[in-house]
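Please consult the sequence and the structure shown here before reading on.

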Amino acid sequence: MMKKLVLLACISISSTACAEIEKNKIAPTYSSENKTERYFTAPTTLEKQEQVKALIDKKWYFEENLLKDGSPDRVVTSCNSLFNALDEGFNALSYRHQDVIKAMNKVCLIWAHMGELNASESSFLTDFEHSSALPKQMPPELALIISNDDDRRLAKASSWEEMSHISKMESLNKDQAIYYDNSGGIQKLTVMAKGDYNNDGIEDMVIYMDNSVEGGSYGSTYGYVVTRLAAVEPYTLIKQF
């Protein structure tokens, strides 16, 4: 509805006034915690959508070799080449290296989704901050899921806190914090970007979750797009990948 109102206003008023309406939109923002230091010779500051989209084809400072039965090894040097190789059935050279390839693919997917963010017309994310209260507001899908029992509980849970029972929060900076649950789970949550992902005019948030378990070898990474539809509403999950 808001977009229709903007369009009608642009039809009925001057182009200068219409430009002023566009200026009032909220441009996408990108965190300095963007994982680029892992892939390129220096961290990349992201300010524009074009810079984010360019990450998919930008060459890494290293190479990864992937394997597929009956085919020569595939050398990948960018997100795009990794996407193509995985789509064709290539995988890590060893079982132990599979988690590394999965994590790399997850970061690439997050960059790709960040590149889809557009300017927003309104936002209920301006007061976002990491805190011990945040898990009560976030969707349950953010919880550390390890067992089939976790999956069954997820179907009935209403929040991340209900699933994980966070016992401690350690803030690293305004975009990143570590959350510890009461069963040894450790989850590092990073806000990667904000912008309108689903073209409804409301600002959304792309986040990255790095999961581990105290004293164990388990590890997983996930990306999410969440939003808030009103200042007093909990966060809503738009996409998980």
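In this predicted model, arginine 74 counts as partly exposed, with a relative accessibility of 26%. Its partner is glutamate 88: the two side chains meet in a salt bridge, at 2.7 Å from N to O. The pair links distant parts of the chain, 14 residues apart, with arginine 74 in strand E3 (residues 71-76) and glutamate 88 in the loop between helix H4 (79-87) and strand E4 (91-92). Glutamate 88 is also partly exposed, at a relative accessible area of 39%.

A search of the whole structure finds seven salt bridges. Among them is the pair of glutamate 121 and lysine 25, with an N to O distance of 4.0 Å. Here 96 residues separate the partners: glutamate 121 lies in the loop between helix H5 (98-114) and helix H6 (134-137), and lysine 25 in the loop between helix H2 (15-23) and strand E1 (29-30). Glutamate 121 is buried, with a relative accessible area of 17%, whereas lysine 25 is partly exposed at 26%.

Another salt bridge joins aspartate 150 to arginine 153. Both residues lie in helix H7 (residues 148-154), three residues apart, about one turn of the helix. Aspartate 150 is buried because its relative accessible area of 11% is under 20%. Arginine 153 is partly exposed, at 31%.

The distances are set out below.

| Salt bridge | N to O distance |
|---|---|
| Arginine 74 and glutamate 88 | 2.7 Å |
| Aspartate 150 and arginine 153 | 3.1 Å |
| Glutamate 121 and lysine 25 | 4.0 Å |

Notes:
Residues are numbered from 1 along each chain as its sequence is written. This is a predicted model: local features need pLDDT of at least 70, side-chain atom pairs count only at pLDDT 80 or more; totals for chains, interfaces and linings use all residues. Side-chain values use heavy atoms; hydrogens and water are left out. Helices (H or I, at least four residues) and strands (E, at least two) are DSSP runs, numbered from the N terminus. Buried means under 20% relative accessible area, exposed over 50%, partly exposed in between (1.4 Å probe, protein chains only).
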